[in-house]
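This report is an introduction for a reader who is meeting the structure for the first time. Please look over the sequence and the model before reading on.

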Amino acid sequence: KGKSNQLVGIGQTLTLTVSESTEGEYACQAISGDHQPSTVRTAKLVMKRKPRLKMNPPKPGVRGSDIIISCRVKSAHPGTQLVWAKKDQPIAEDNYKYKVVESQDKMNMEISSDLIIMRADTGDFTSYGCFASNELGSDYQMIDLVEEQDYYLTIALIVNIFGGFLMLLIVGIVCVRRRKYNVQFMEQEKL
């Protein structure tokens with residue numbers, strides 16, 4: 001069994017009780033008269049269980065861009081169903097705003113699913129859920145999609161406000177100096 005090549009039985013058949021401790025890869029070796037393995041075949045024993053989800057929080061999204069939210073389903077046996085939801089409401093498969101891309105790793109019994117939100121707008125920054133089920137149970141996880149703060153816009157706003165204040169200050173100084181100059185000029189004219 002496994003990479004350690006632990007001997008688990010001798011004979012034409014091997015009978016196991018399926019459990020977490022017996023899960024794994026097995027190799028069957030046929031030995032000929034000279035005691036050298038002549039044929040090796042492998043099999044993988046997988047215990048059926050309810051699906052288990054893993055979602056990593058996505059990076060903050062930018063309005064107007066496409067955003068990807070990922071969900072990975074472990075123990076995705078044949079017949080496992082996966083559904084995406086927005087605010088606990090299933091997202092229709094024919095919705096033009098969303099695209100779902102799935103890939104299966106049958107050897108490890110996993111499904112990777114990406115929900116692509118096309119041209120995200122303000123209403124898209126909310127909670128999303130991934131739901132997986134099979135005949136043994138289900139799992140559901142949610143994440144919140146947050147909007148990335150546009151720091152360049154904030155910096156530009158601060159620079160513009162500061163620049164406007166500076167311009168007002170310069171205009172004020174010029175006006176005061178000009179007025180002072182005009183008063184001095186008028187006094188000289190009187191003399």
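Which residue in E8 stands opposite Ile67?

## Strand E8 and its two partners

In this predicted model, the residue that stands opposite Ile67 is Ile117 in E8. The two strands concerned are E4, which covers residues 67-74, and E8, and they pair in the antiparallel sense over eight bridges.

Strand E8 itself covers residues 110-117 and is mostly covered, since six of its eight residues are buried. Strand E8 also pairs with strand E7 (residues 98-105), again in the antiparallel sense and over eight bridges. Within this pairing, Glu102 has Ser113 in E8 as its bridge partner.

## The hairpin between E7 and E8

Strands E7 and E8 form a hairpin, with four residues lying between them. One of the residues in the turn is Met109, whose phi is positive, at about 55°.

Strands of a sheet pair through backbone hydrogen bonds, and they may do so in a parallel or an antiparallel sense. Elsewhere in the model, an open sheet is formed by four strands in the order E6-E5-E9-E10, with antiparallel pairing. Its edge strands are E6 (89-90) and E10 (137-144), each of which pairs on one side only.

Strand E9, made up of residues 127-134, runs antiparallel to E10, and eight bridges join the two strands. Here Phe131 stands opposite Tyr140, which belongs to E10.

Key:
Residues are numbered from 1 along each chain as its sequence is written. This is a predicted model: local features need pLDDT of at least 70, side-chain atom pairs count only at pLDDT 80 or more; totals for chains, interfaces and linings use all residues. Side-chain values use heavy atoms; hydrogens and water are left out. Buried means under 20% relative accessible area, exposed over 50%, partly exposed in between (1.4 Å probe, protein chains only). Two strands pair if DSSP finds at least two bridges between them.
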